[in-house]
Amino acid sequence: MGKNNAGFSWLLKMAWRDGKASYGKLLLFVFSITLGVAAVVSVHSFSQVLKENIALQSKSLLGADYVIESDKPVNDRVMGIMDSLGGADAKEINFLSMAAFPGSNGTKLMEVRGLEGGFPFYGELETNPSTANENFKNGGALVDATTMLQLNLQQGDSIKLGAVILPIAGTLESVPGSTSVFGAIAPPVLIPFRYIEKTGLVQTGSRIEYKYYFQADEAQDMELLSEKVEPVLDLEEADLDTHLSEARRLGRRYENFAKFLNLVGFIALLLGCVGIASGMGIYVRMKIRSIAVLKCLGASKRQSYLIFFVQIACMGIVGGLLGTTLGYLLQQLFPSLVGDLLPVDVTITFSLQSVLLGLSLGLAMSILFALYPLMQTLYVSPLQALRVVKEPKSRSKRATAAVGMGILLFISGFSYWLLGDLVRSLLFVAGLLTVFLILTAVARLFMSLLKKFFPYSWSFIARQSLKNLFRPQNQTLVLVLSIGIGTFLISTLYFTKDMLLEKAAIEDSANSANMILMDIQKQQVEAISQTVESAGMPVIDKIPIVTMRVETLNGRHVEDIRKDSTSQVSRWILNHEFRVTYRDSLIGSERLLEGKWVHRTETNSDIPISVSSDFANMAKVSIGDPVAFNVQGRIMETKVTSIREVDWSRLQPNFSIVFPAGVLENAPQFGVMTLRTPDDASSARLQQELVQNFPNVSILDLKRILSLLEDILGKIGWIINFMAFFSIFVGVAVLMGAIYSSKHQRVKQGALLRTLGAKSAQILKMIAIEYTILGFLGAFMGVVLAVLGSTLLAWLLFDTAFAPSAVPFIIILPAITLLVFTLGVANSMGIVRNSPLSVLKKEKE
Amino acid sequence: MSKILKVQNLSKTYRSGDHDLNVLNNVSFEVDEGQSFAIVGPSGSGKTTLLGLCAGLDTTDQGEVWLCGSNLFDLDEDGRALLRNQNVGFVFQDFQLLPTLTALENVVVPLELRGVKKAYEQGKELLAKVGLADRESHYPSQLSGGEQQRVALARAFANRPSILFADEPTGNLDDDTGTRIEDLLFELNKEQGTALVIVTHDLELAQKTDKSIRLRSGKIEETVG
């Protein structure tokens, strides 16, 4: 037998005819897709735009086409290379130092940048007054705008840097190369290059950066330049940064955060899909009779399936388009949410890629998640038109498995596309699946326990509302899933933020430091201790520091390793000047992983040292391996005897390499001192005194850094919360969809109950109890899963004990329960509004 | 006269719990082209099951049904659907209009399934014939029971079927409306030469047909005409 003559256009026509009469239900599906797609598109598009803007503004970010930099004065060979490149067009020396402002008695840790030449060649040196960007070259300083404001400084006031006092030529609004995040800790001050030497601040222990800026021809190939010059510079411990590599580096910094946000958006979309799947199930069930009639009239299985498939596809496209538009509008909000954390001014543009992303996501997700419920149409018997037929027992196992695999593959594939890391994306999908499965299991267990231990002695109202939780076509599973996932997300994000802050927080105990003094010369240690102690503050720790470079690793000279292109050893290990300390015991932020900790040694060969696990990984060394260091000209042979895990996130001095006591005591060294100040006023007084008497010493006020960190986390938290609330919005849409889909059944049930004598208030009470239970169960499971997830995160990622804060339990849990209750009851008012007769009459028709 | 429907030794058994329920037992009869035929019997006698089998809405492995020259149980579900679309019309007790389609859209579905070009024109003519020209854009919920059944009649005759199955076509209607529907049914039967198979409780309606069988407990108890 052949097939009937109705083609694709008939399917479209039927989908349209049926869809336009059911648009109320379909609109809610579209709404779920729209919100989910908007979440993904807004984040994805914004991170794209940010990346593009960084690339576009790469030259003005660097201020030049490329820069050659080193952390020590460049030697003749580097000079020769620079000459062969036409000579540097501008140069800079920069370092951190305390600045004193004699007029206002203020002090501040600043990034001193001594400049010579026409820097910046791209972008602008924005100053107030605008002429100051040239005037300061005649012997003035440009001071960061926030500092000017904080210390109430005016143009013409003085700034003291080491031994030099300069007049402030103007306010520095922006300068290429200074980022706002770092600038908040050590804001920039620009002075002419020729004064650097006179400050007397360039001495042992200072972290100094030497930079040479170059302007290139339009036609010069930056990649080729890197390829040619980089390896030669590497040998001389110098580095080449082009504006392109700078843009890549900056882009990467924001990428991880963007990836994380993308995942949050993706979860919102998945939540929308749960709504599609459950709503579609109910939708198809309502259409079973129509499908049976169509089959009676001669429509084939495929045709009756395709009518609804076309509807879903159209919903997906419409939802995708609306979602893309909403996402585009939403991302306009992002710059104001994170504003000054961004390195560039971002101009939002409409990209074709986001439109395609939104469309394909909307289409693919709605089709994938509707396929399973849609399969039901295939098994509808035409006999249903004549009388009620028992539903077929099961769908084809093969088809079900194929749909399940399709969904898993798509989610994994999409996560991989977002994260670019197979293991992480699989972990993400596995985690997500676990949460889904746990919530599903809990919902099912709840229903079966309720059925088994049903409280028959309870009041009529309570019994009816409990029965609604497990009656046929109940909403328990879908609501527990959507509410649970939304709450899980919000609570986990809350806990994680808490953990990050707690980790960085300074313990409020008498013996923990809240100030660090750096770059102390050996001969200053005693005098500074006295100054601090006479101010009534305890010195907590004096840490000696010796700088050194790696000379050989496992017997191989660093020069050989540099030339060996197959070597896995990190460049950083080969080029970095390490700050090394010596002591006889481990400190709080360290844990011995391997080997034996040596307290003290007297030998001068095979000195037993301890390295951090990061150093061991990057240098490819393990216990027993020999490493030689160049300590300011003297070679010291050492052997790795222990490997430590170091918690770098603690706000305290930490070290990659630690020598035992007894070896380095006489080496040229400088020191770091940690102390505790009781309050801001005495902290400010001490800082003034120290800067006056010991201008080379830099002071890190940890309290200030912590408040900055809180500020940054607060801003990041804002955008994360924003995205998490988006999933709650999607949850609300799913919830409304679920309520709406079951309304028909509830209206009929309500009318029958009222005919039998129930009052409207009783019916509303039933509904209220039902939604309160559902809201509480979902939200409670969400918070519990978040506690479990965060404990796991604390254990695996943050390596800290996790004590959950009460906020999710006392605020998020009741708030979400109340939200579900309100939505449920508000949407059910219609049930008691119509007269029972009109409902039943309509039902009969 | 050739046979449009041949039923031979048809039985149908449902499994209910741990015992078999014999709903139809060895039923055989024939319907000629253009003939009107009634299946009567009390509730539970197997009438609707027999109708479902004759129209290919259901299957069994005992007996044969030949409809328009094809053995129904040799065809797959889509094959039977095509056969219905080309040769069969339906009228149901509860009308079974598609609730999301207007009256006119309901009538044209079988025509469109056949790929008829001027389906709308034909649909409008059919609606006019059943007296509902002014109701074409109404949805089923906006029509009375009698009007809905007239739309269902127009839909049933839309593809000029060789045979029309009607399941209690007047069961849900008051007497006057029911009589009007019956008249319309026979009128169209005559005019188009469509064979008519009616399942009914209503003996008066059965008497108007050329031939009838009475079922009891799944067996033919009496054949009239």
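Chain B contains an open sheet of six strands in the order β6-β7-β8-β3-β9-β10, with mixed pairing. Strands β6 (88–91) and β10 (219–224) of chain B each have a single partner strand and stand at the edges, so one side of each is left without a neighbour in the sheet. On average, neighbouring strands of this sheet are turned by 20° against each other, direction ignored. Strands here pair if DSSP finds at least two bridges between them. Helices (H or I, at least four residues) and strands (E, at least two) are DSSP runs, numbered from the N terminus. Axes are lines fitted to C-alpha atoms, for helices over the stretch in contact, and angles run from 0 to 180 degrees between N-to-C directions.

This is a predicted model, in which local features need pLDDT of at least 70 and side-chain atom pairs count only at pLDDT 80 or more, while totals for chains, interfaces and linings use all residues. Residues are numbered from 1 along each chain as its sequence is written, and chains are lettered from A and ligands numbered from 1 in the order in which they are written.

**Confidence**

The model scores ipTM 0.84 and pTM 0.72. For chain B the mean pLDDT is 88, and 100% of its residues reach 70 or more; pLDDT is the predictor's confidence in each residue, from 0 to 100. Among the elements of chain B, strand β3 (residues 36–40) has the highest mean pLDDT (93) and helix α6 (residues 175–192) the lowest (85).

**Strand pairing in chain B**

| Strand pair | Sense | Bridges | Opposite residues |
|---|---|---|---|
| β7(B) and β8(B) | parallel | five | Leu164(B) and Leu196(B) |
| β9(B) and β10(B) | antiparallel | five | Arg216(B) and Lys219(B) |
| β1(B) and β4(B) | antiparallel | five | Val7(B) and Val65(B) |

Strands β9(B) and β10(B) form a hairpin with two residues between the strands, where Ser217(B) takes a positive phi near 50°. Helix α5 (residues 145–158) of chain B lies across β6 and β7 of chain B and runs at about 170° to β6(B).

A further open sheet in chain B has four strands in the order β2-β1-β4-β5, and its pairing is antiparallel. Its edge strands are β2 (19–32) and β5 (70–71) of chain B, each pairing on one side only. Helix α1(B) lies across β1, β2 and β4 of chain B, at about 125° to β1(B).

**Helix packing**

In chain B, the axes of helix α3 (residues 103–113) and helix α4 (residues 119–129) come within 9 Å and cross at roughly 125°. That angle makes α3(B) oblique to α4(B). Angles under 35 degrees count as roughly parallel, over 145 as roughly antiparallel, 65 to 115 as roughly perpendicular and the rest as oblique. The crossing of α3(B) and α4(B) is right-handed; a crossing is left-handed if the near helix is turned anticlockwise from the far one by less than a right angle, and right-handed if clockwise. Residues of α3(B) in this contact include Leu104(B), Val107(B) and Leu111(B), and those of α4(B) include Tyr120(B), Gly123(B) and Leu127(B). Two residues are in contact if their C-beta atoms, placed from the backbone, lie within 7 Å. The residues of the contact of α3(B) with α4(B) divide into nine nonpolar, two polar and two charged. Ala, Val, Leu, Ile, Met, Phe, Trp, Tyr, Cys and Pro count as nonpolar, Asp, Glu, Lys and Arg as charged, and the others, Gly among them, as polar.

In chain A, helix α14 (residues 352–375) and helix α15 (residues 397–419) pack at an angle of about 160°, with their axes 10 Å apart. That angle makes α14(A) roughly antiparallel to α15(A), and their crossing is left-handed. Among the residues that make the contact are Leu368(A), Phe369(A) and Tyr372(A) of α14(A), together with Val403(A), Ile407(A) and Phe410(A) of α15(A). This contact of α14(A) with α15(A) has 10 nonpolar, two polar and no charged residues.

**The interface between the chains**

In all, 30 residues of chain B are in contact with 26 residues of chain A. Helices α1 (47–54), α2 (77–87) and α3 of chain B each supply at least two residues of the side of chain B that touches chain A. Helix α2(B) gives the most to that side, with seven residues. By class, the side of chain B that touches chain A has 14 nonpolar, eight polar and eight charged residues.
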